[in-house]
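Subject: A structure for you to look at

Hi there,

Here is the structure I promised to pass on. Have a look at it first, and then read my notes below.

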Amino acid sequence: MIRSIHRYLLSALLVLFASGGCTEAGSDNDSGQPSLHLRLKRIDARSVTLQATSRRATQIRYICKTTGVISSESAQSVMEHGEMLPADPELVIEGLEAETFYTLFAVACDQAGRCSTLQHIQFTTGEPASSMYPWESERDGLPTFTNLVLCYGGSHHRIPFRWDKERFAPMVSYTDPDGKEQWLFDAFLFIEFQDTPGSDNRNYAYMTGLLRENGFSAGKRQWQELIDYWFQGSSGFEALDRAIAEAAQRLGTPPSKRKVVMTLPDPILHRVFDKKGNGSGDPASTVYWGELEGRTLDFSNSEHRVAACKWYINEVRRRFDQGKFRNIELAGFYILSEEIATPDEGWDYELKQTDKVIPHVAAYLHSLNESLSWIPYNRAAGYTKWKEMGVDYAYMQPNYFWKPELSLERFFADIRQHGLNMEFELDENVFNGKADCEAYRKRFRQYLSEARKQGIYGSRPLSYYQGTNAFYDLSRSQSPEEQALYHEFCQFVINNPMRKN
């Protein structure tokens with residue numbers, strides 16, 4: 001997952017289209033005609049790189065123009081007037097304008113003058129290289145990590161509310177039954193999906209689809225409060241940094257800084273997700289978020305939604321730089337919504353339209369050497385398209401922990417087929433006194449054993465959901481059954497063959 005400062009992953013939804021021209025659609029493989037399939041590989045500020053799969057072709061002709069009208073060219077017109085490139089597996093189109101929407105039309109041609117059906121791809125070029133902090137520019141690519149633990153915090157309903165160094169300590173290092181202490185998780189996801197109640201005693205959703213009956217979409221004020229929560233005083237970033245420093249006094253300096261991934265609130269289209277809600281104010285409003293650089297943002301405009309995300313990203317980066325932390329590294333941001341809806345996949349697309357935001361956010365992050373992570377639920381919309389959206393680390397949830405009727409066999413087949421990582425699920429249901437606690441412990445252990453059996457363990461990064469405080473509570477438990485589960489969990493993490501630190 002190496003990127004340089006000038007590299008961007010996909011910054012637009014891939015669209016392929018075949019139409020009549022020199023041949024009838026669908027006839028490429030039947031009549032000896034040339035064939036062509038294009039896929040976006042990389043989008044930069046002033047160029048685009050495509051992966052081209054062609055057959056029976058000696059050249060590729062293309063026209064790239066700033067239009068969204070896909071009927072404006074035909075296979076014949078591209079063959080006659082298009083620019084020519086050799087039929088290589090990688091095509092690079094240069095000389096484009098930054099931050100501009102393009103449609104590229106292309107056909108593959110042979111020496112006899114025959115051509116393939118017309119292909120088109122639409123994309124938006126990225127921004128010119130953005131200003132990086134020294135700790136970003138010194139990287140030789142995107143940060144990598146092996147074991148990412150989820151840390152929920154920011155909503156006033158959570159108990160405990162703060163993340164102090166004592167709460168982080170069991171996640172930073174692990175002491176086995178023989179008294180040997182070792183480093184544990186190498187990455188921490190700071191995550192929150194709502195604030196109930198917020199500072200004004202109203203409920204706010206950071207995540208699309210929540211609180212539609214008794215709350216509102218979080219605006220700029222709430223986004224700022226979430227940032228403040230993780231950077232205030234001896235909590236959050238500072239507390240994790242101090243917990244690592246104290247462990248280092250016993251273990252020596254860790255082989256690498258521990259990574260932190262920061263949640264990115266969804267720029268929700270309307271003041272209330274479904275435009276109905278409790279009827280207070282104007283739930284269908286798209287101008288609820290606030291102002292940025294003197295203008296009121298209107299989330300009916302996807303560019304304004306992207307601008308809000310960039311403001312948040314830059315504010316987190318600024319605060320992190322001010323912190324001068326010694327033991328942690330800001331490694332990127334996290335897509336909060338657990339599905340990426342597109343026009344042909346997902347629930348309530350017209351109320352979400354996340355595909356119009358995420359690729360642009362991904363391109364911006366990659367220009368800063370920052371990563372983008374995502375954890376979809378089992379077979380959520382977008383789980384087969386995550387790379388096209390610019391996501392770097394995608395961990396799919398099995399959901400088997402709560403829904404044993406789901407198939408683990410199908411889950412592992414899915415993540416292998418689509419190159420996904422795995423999230424492990426654990427919460428307070430594993431504790432004695434909870435209904436079916438033994439069944440929940442058994443299902444968690446199935447995750448551990450099946451990940452090994454299926455070849456996921458040791459071959460790709462892993463993430464760990466643990467509710468609000470389950471891991472800490474396990475580490476402090478005096479119950480033999482709970483302590484046994486705790487040690488099995490920690491041994492699984494520290495013995496991960498991918499682990500380098």
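Please keep in mind that this is a predicted model.

Let's start with the overall form. For 501 residues, a compact globule would have a radius of gyration near 23 Å, and the protein's value of 25 Å agrees with that. Along the principal axes, the C-alpha atoms fill a box of roughly 80 × 55 × 45 Å. If you trace the chain, you will find 12 helices and 22 strands.

Buried residues account for 59% of the 501 residues. The protein exposes about 20,400 Å², with carbon and sulfur atoms supplying 46% of that area. Taking contacts between residues at least 6 apart in sequence, 72% of them join residues at least 24 apart. As for charges, there are 56 positive and 66 negative ones, and their mean positions lie 3 Å apart.

Now zoom in on helix α12, which covers residues 480-494. Its 15 residues reach 21 Å from the first C-alpha to the last, close to the 21 Å expected at 1.5 Å a residue. Several residues of α12 are buried, including E482, Y486, H487, F489 and C490.

Is N469 buried or exposed? N469 counts as buried because its relative accessible area is 11%, and the cut-off for buried is under 20%. Leaving aside residues up to four places away in sequence, N469 touches P160 and R167.

Enjoy exploring!

Best wishes

How values were computed:
Residues numbered from 1 in each chain as written. Predicted model: local features only at pLDDT ≥ 70, side-chain atom pairs only at ≥ 80, totals over all residues. Heavy atoms only, no water. Helix = DSSP H or I, 4+ residues; strand = E, 2+ residues; numbered from the N terminus. Expected span 1.5 Å × (residues − 1). Buried < 20%, exposed > 50% of the residue type's maximum accessible area, 1.4 Å probe, protein only. Rg over C-alpha atoms; globule rule 2.2 N^0.38 Å. Contact = heavy atoms within 4.5 Å. Areas by Shrake-Rupley, 256 points an atom, 1.4 Å probe, with all protein chains shown as cover. Lys, Arg positive; Asp, Glu negative; His and termini not counted. Charge placed at Lys NZ, Arg CZ, Asp CG, Glu CD.
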